[in-house]
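Q: Could you walk me through this one with me? I'd like to go piece by piece and ask as we go.

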Amino acid sequence: MSNVTTELQDIHGCMNIPTSYRDENFKFLEDEILSNFMSDYPYFREEIFHSKNTPSKPTITIFYENLCPHSVKFFSENFYKMVVESNLVDTVTLKLNSYGNTNHTKALNGTYSYTCEHGPRECNLNEMHACVIKNEPSVAKILKFVNCSLYEAYYNTSKNPVDDCAETAEINVTSIYECMNTSANAYYYDFSEEFKKFGIDNVPSVAFNNTFNKTLSAEAVNNFPDSACNFLKANNLSNEYCKSKNSAAIPSVSFITFVIASFLLVKMYQ
């Protein structure tokens with residue numbers, strides 16, 4: 001199991017920018033990202049949803065960390081629910097990275113010491129996730145385990161969620177503990193390299209087709225179902241969940257006729 005240093009106190013969110021800057025400018029940054037997204041989205045959809053990095057199967061990568069409230073909320077309420085209801089794993093490749101806002105230093109023996117945003121417990125949980133993500137072949141089981149342990153670790157701070165969540169996801173818990181004592185340190189470092197390669201500076205973040213863009217990520221974090229459906233559509237992929245979602249959002253012809261008729265009747269008797 002990795003060495004961890006003292007806890008970094010940060011109550012302003014899971015972002016890798018100075019606290020003093022966040023207090024005054026976070027709302028501005030959020031508005032700027034969403035504003036840029038509204039004007040640039042068609043361009044980014046074309047350039048990123050069909051980028052030169054596009055793999056043979058469309059890929060969505062989720063970057064998160066365990067004790068970040070934004071990550072927990074996004075994963076359980078926004079991401080995981082849609083994935084289950086839409087059977088998204090049958091259509092795209094889903095990847096997870098639990099590195100989050102972590103710093104690391106290399107020791108003389110070749111291992112790494114990690115300092116996590118929300119303290120040593122978060123480092124251990126993030127490494128535990130790295131073990132499951134790297135070793136479990138079933139994406140569905142990985143997602144079930146991660147969703148379970150994110151929730152349990154955040155809302156039950158005195159509890160180690162690995163046993164119960166491994167049972168829920170039908171994953172061999174012994175293999176997780178073995179990994180924590182052997183490969184977790186190296187797996188977590190691999191995640192740090194991917195995190196750096198993508199240029200992530202806050203979690204949760206979402207990358208499409210191995211390309212990260214802040215505006216697309218901000219939209220996906222805010223409304224993952226819509227982003228995922230747009231992504232599928234851009235890649236000419238059909239999904240019944242997205243079809244039903246779109247049809248539900250479009251008023252029926254009879255309803256539109258009713259509204260128009262009601263309006264005309266009101267105007268006639270005014």
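Q: Let's start with T61: buried or exposed?
A: This is a predicted model, and in it T61 counts as buried because its relative accessible area is 1%, which is under the 20% cut-off for that class.

Q: Where does T61 sit, and what does T61 touch beyond its sequence neighbours?
A: T61 belongs to strand β2, which covers residues 59-63. Leaving aside neighbours within four places in sequence, T61 is in contact with K95, S205, V206, A207 and N210.

Q: Which residue in β6 stands opposite T61?
A: That is A207. The two strands, β2 and β6, run antiparallel and are joined by 4 bridges.

Q: And what about the faces of β6, which residues are on which side?
A: S205 and A207 lie on one side, while V206 and F208 lie on the other, and these four are all buried, so that both faces of β6 are covered.

Q: Switching to helices, what span should α7 have, and what does the model give?
A: At 1.5 Å a residue, the 15 residues of α7 should span 21 Å, and its end C-alpha atoms are 21 Å apart, so the two agree. After α7 comes G199, whose phi is positive, near 75°.

Q: Which residues of α7 are buried?
A: They are A184, N185, Y187, Y188, F191, S192, E194, F195 and F198.

Q: How does α3 look on length and burial?
A: Helix α3, residues 120-135, has 16 residues and reaches 23 Å from its first C-alpha to its last, close to the 22 Å expected. Its buried residues include E122, C123, L125, N126 and I133.

Q: Now the core: which residues touch the most other members?
A: In the largest nonpolar core, which has 65 residues, those are I60, F79, L88, L96, F145 and F224.

Q: Take L96, what does L96 touch?
A: Not counting residues up to four places away in sequence, L96 touches I62, Y64, F75, F79, I133, I142, L143, V146 and F191. Among these, I133 is one of the buried residues of α3, and F191 is one of those in α7.

Q: Last one, what do the whole-chain numbers say?
A: The chain has 11 helices and 6 strands, and buried residues make up 44% of its 270 residues. Among contacts between residues at least 6 apart in sequence, 73% join residues at least 24 apart. The chain exposes about 14400 Å², of which carbon and sulfur atoms supply 54%.

Conventions. Residues are numbered from 1 along each chain as its sequence is written. This is a predicted model: local features need pLDDT of at least 70, side-chain atom pairs count only at pLDDT 80 or more; totals for chains, interfaces and linings use all residues. Side-chain values use heavy atoms; hydrogens and water are left out. Buried means under 20% relative accessible area, exposed over 50%, partly exposed in between (1.4 Å probe, protein chains only). Contact means heavy atoms within 4.5 Å. Accessible areas come from the Shrake-Rupley method with a 1.4 Å probe; for residues, only the protein chains shown count as cover. The expected span of a helix is 1.5 Å times one less than its number of residues. Two strands pair if DSSP finds at least two bridges between them. A nonpolar core is a set of buried Ala, Val, Leu, Ile, Met, Phe, Trp, Tyr and Cys residues joined through side-chain atoms within 4.5 Å.
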